[in-house]
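These are my notebook entries on one structure. I set down what I looked up, entry by entry.

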Amino acid sequence: MKKDAIIAIQSLLATPKKIAIIPHRSPDGDAMGSTLALYHFLLKLNHIPTVISPNDFPNFLAWLPSSDSVLIYENDKENCTKILNDSDIVFTLDFNALHRTGEMEHVLNKLTVPMIMIDHHQKPDTYATYTYSDTAIGSTCEMIYNFISFLDRKELIDKIIATCIYTGITTDSGSFRFPSTTSTTHRIVAELIDLGIENSAIHNSLFDDNSFDRLQLLGRALQNMKVFSKFKTSYTFLTQKELDEFHYEKGDTEGIVNYGLTIKGIHLAAIFIEHRDENIIKISFRSQGSFDVNQFAREHFNGGGHINAAGGKSFESMKATLNKFENLISKIII
């Protein structure tokens, strides 16, 4: 982050402020971990922070410290809009384009207060007053650790803040197996462990607290998987009927897309999930090697993300969407 931006933010935070902290719609572990880490940090600086999520977060993140204080915009639009309008500063974390906040976008677009973006995705928009963007860093939570260090307040990182940061680093690094995991990532994690985080318990809360229905849904996704060895690609899908059959809850499909990449010789994996209430097919892409799923998602499926992990959406039927995907992979080199 540029030195003049750090100095300006230090000045902004020198006196107590009303501060809104915003994650992207359908927040994951990195989005919730980073927003709550910043929330607890700003409390220590005597600010009045409020985390406002565009919609609800998965149940497997509900144990995070102060997650019960998070306001959900789509559940209380009037109150959340008032808080946003009354804020002195707005932080946007783990996204770099305001449309990623869904219905909140029109409220955020009207604000005139300073906005601070902290994010690691490609091609950031220019809405923020101050931007900390670095696509080489594997998680926004790692960037929050850096951000606190830039402000020269690392001594304020306690067990609670460390727990939130560790959560996002763990989830966005694929439990430290993705290429974006660096020696710096491990050094930061070592410091967090020294601060007393219960890393084993955090991992269990994130990945090992399954319901029977969730495992049945995973089984159905594996049954639906198709493999195209010639094109080094696999994909699976879940229809709305299948989600309903296994009593789908937000977060139940987290990580399923990664199973496709475990197949020998597969370099591109995808999952297509029907959400009839939104009239869209939500898509997750994962790759290994040099195939850029960020560019693929941007060009063909109204999405984006990282080189090896991206998301998208389709407004066509499931059948039409899958046919489009199969046609595309037959024409590209993976």
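**Entry 1: Ser26.** I began with Ser26, which is partly exposed, with a relative accessible area of 29%. Ser26 is not a glycine, yet its phi is positive, at about 55°. Ser26 sits in the loop between β1 (18-22) and α2. Helices (H or I, at least four residues) and strands (E, at least two) are DSSP runs, numbered from the N terminus.

**Basis of the entries.** The model is predicted: local features need pLDDT of at least 70, side-chain atom pairs count only at pLDDT 80 or more, and totals for chains, interfaces and linings use all residues. Residues are numbered from 1 along each chain as its sequence is written, and side-chain values use heavy atoms, with hydrogens and water left out.

**Entry 2: other positive phi values.** I looked up His247, a residue other than glycine, and found a positive phi near 50°. His247 belongs to the loop between α10 (240-245) and α11 (258-261). Is His247 buried or exposed? His247 is exposed, with a relative accessible area of 53%.

**Entry 3: helix α5.** Why is α5 described as largely enclosed by the rest of the structure? Nine of the 11 residues of helix α5 (residues 140-150) are buried, so the rest of the structure largely encloses this helix. I listed the buried residues of α5 as Thr140, Cys141, Glu142, Met143, Ile144, Tyr145, Asn146, Phe147 and Ile148.

**Entry 4: nonpolar cores.** A nonpolar core is a set of buried Ala, Val, Leu, Ile, Met, Phe, Trp, Tyr and Cys residues joined through side-chain atoms within 4.5 Å. The largest such core has 49 residues, of which Ile21, Leu38, Phe41, Leu42, Phe91, Ile118 and Ile165 touch the most other members. Helix α2 (residues 29-44) gives the most to this core, with seven residues. A second, separate core has 20 residues, including Tyr235, Leu268, Met318 and Ile329.

I then followed Phe91 and its contacts, where contact means heavy atoms within 4.5 Å. Beyond its neighbours within four places in sequence, Phe91 is in contact with Ile19, Ala20, Ile21, Ile22, Leu38, Leu42, Ile116, Ile118 and Phe147.

**Entry 5: an open sheet.** In which order do the six strands of the open sheet stand? The order is β7-β8-β9-β10-β12-β11, and the pairing is mixed. The edge strands, β7 (226-228) and β11 (304-305), each pair on one side only. Two strands pair if DSSP finds at least two bridges between them. Strand β9 (residues 268-275) pairs with strand β10 (residues 280-287) in the antiparallel sense, over eight bridges. Ala269 stands opposite Arg286 in β10.

**Entry 6: Ala270.** Ala270 lies in strand β9 and counts as buried, at 3% relative accessibility. Ala270 and Tyr235 are 35 residues apart along the chain, and 4.6 Å separates their C-alpha atoms. Not counting residues up to four places away in sequence, Ala270 touches Ser234, Tyr235, Thr236, Val257, Ser284, Phe285 and Phe325.

**Entry 7: cavities.** On a 1 Å grid over the protein atoms alone, a cavity is a set of points where a 1.4 Å probe fits but cannot get out; lining residues have an atom within 4 Å of a point. A search of the whole structure finds two cavities of 30 Å³ or more.

Which residues line the largest cavity? They are Met225, Ser234, Tyr235, Thr236, Ile256, Val257, Gly260, Ala269 and Ala270. Strand β8 gives the largest share of this lining, three residues. The lining divides into six nonpolar, three polar and no charged residues. Here Ala, Val, Leu, Ile, Met, Phe, Trp, Tyr, Cys and Pro count as nonpolar, Asp, Glu, Lys and Arg as charged, and the others, Gly among them, as polar.

The second largest cavity holds about 30 Å³ of space. Gly138, Ser139, Glu142, Ile169, Ser173, Ser180, Thr181 and Thr185 line this second cavity, and they divide into one nonpolar, six polar and one charged.

Methods: Buried < 20%, exposed > 50% of the residue type's maximum accessible area, 1.4 Å probe, protein only. 1 Å grid on protein atoms, 1.4 Å probe; cavity = no way out; pocket = protein on both sides within 12 Å on 5 of 7 lines; lining within 4 Å. Points joined across faces, edges and corners; volume = space filled by probe spheres on them.
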